[in-house]
Amino acid sequence: MMNNIHMPGNKLTRTQKRRAARKRAKARAVAAEQVLLASDAAVQSAAESSSKSRHSGGSGGNQAKRRRHSAARRDTALNVPAAAKTTAKGRPAAPPRPPRVPGQPDPYDAARLVPTRAGFIRMRGRTDKNRRWQQDIDPQLAEILVNESAAVVVNRNTIRRLYTNKGFRKYILERDAYQCYFCGNYGNTIDHLLPRAKGGHTTPVNCVCACMDCNQSKADQHLEDFIRSKPLEDGEKPSGSQFHGM
């Protein structure tokens, strides 16, 4: 019986090493899952707060505010130089991130990612029916998804999408209070500021709420080109920067 007791000076057997490795891996997985649950809770609380603010506001004075905000967004977008179309200036802010867990790596640190031997990063997530899926993506795309708060780092080879398709659509619409980013009217569709055909991705930073007319009119145009070509509504005065360079 004494031979089965591990003394400090004895070497670990192969079985003991495997058991210890499994325990360490299980502890790391539990800690990572806690971080991911905290990030999901922060995203959900942000969506609920935006929904409450949408329902608490009145309808009388909001029309004027929407027009002023729409004009301000147009000015901001038109001041962006043509060479900086992929920057975050004039785009929605990323959702709030949960506080870091002491002693645990930052789940939003894209510098931790290391490609697999095949040169890819594994991305996993869940469908609208809560079924798991996984696919291999380009490392550059993985960094963009993490930096724009669409995914978190699970380990150095894997990221996890934070939203399902329906969940992402609901988050964007409630975040923007069902208000079109371009005209300020009611909107119930999602539009990419930088079109997917020109390198944009489906992230909270690159997607906004849009009405059907603006979504179809913008198509695959850049944001600045669409705003310059957008006709003014009756009674709407052009902003000072709307005709710069035209």
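Strand β1 (residues 121–126) runs parallel to β4, and three bridges link the two. Strands here are DSSP runs of E with at least two residues, helices are runs of H or I with at least four, and both are numbered from the N terminus. Two strands count as paired if DSSP finds at least two bridges between them. This is a predicted model, in which local features need pLDDT of at least 70, side-chain atom pairs count only at pLDDT 80 or more, and totals for chains, interfaces and linings use all residues. Residues are numbered from 1 along each chain as its sequence is written, and side-chain values use heavy atoms, with hydrogens and water left out.

**The sheet**
- Four strands form an open sheet in the order β2-β1-β4-β3, and their pairing is mixed.
- The edge strands are β2 (132–137) and β3, and each of them pairs on one side only.
- From one strand to the next, the twist averages 30°. Such angles run from 0 to 180 degrees between N-to-C directions, and the axes are lines fitted to C-alpha atoms, for helices over the stretch in contact.

**Pairings, strand by strand**
- β1 and β2 run antiparallel, joined by six bridges.
- Methionine 123 has its bridge partner in β2, namely glutamine 135.
- β3 (residues 151–155) and β4 are antiparallel too, with four bridges between them.
- Valine 152 sits opposite arginine 160 of β4.
- The link from β3 to β4 is a hairpin through two residues.

**A look at β4**
- β4 covers residues 158–161.
- Thr158 and Arg160 point one way, while Ile159 and Arg161 point the other way.
- All of these residues are buried. Buried means under 20% relative accessible area, exposed means over 50%, and partly exposed lies in between (1.4 Å probe, protein chains only).

**The whole chain**
- The protein chain holds six helices and six strands.
- Starting at the N terminus, its elements follow the order α-α-β-β-α-β-β-α-β-β-α-α.
- Of the 246 residues in the protein chain, 35% are buried.
- Among contacts in the protein chain with a separation of 6 or more, 61% involve residues 24 or more positions apart. A contact means heavy atoms within 4.5 Å.
- The protein chain exposes about 15,300 Å², and carbon and sulfur atoms supply 51% of that area. Accessible areas come from the Shrake-Rupley method with a 1.4 Å probe, and for residues only the protein chains shown count as cover.
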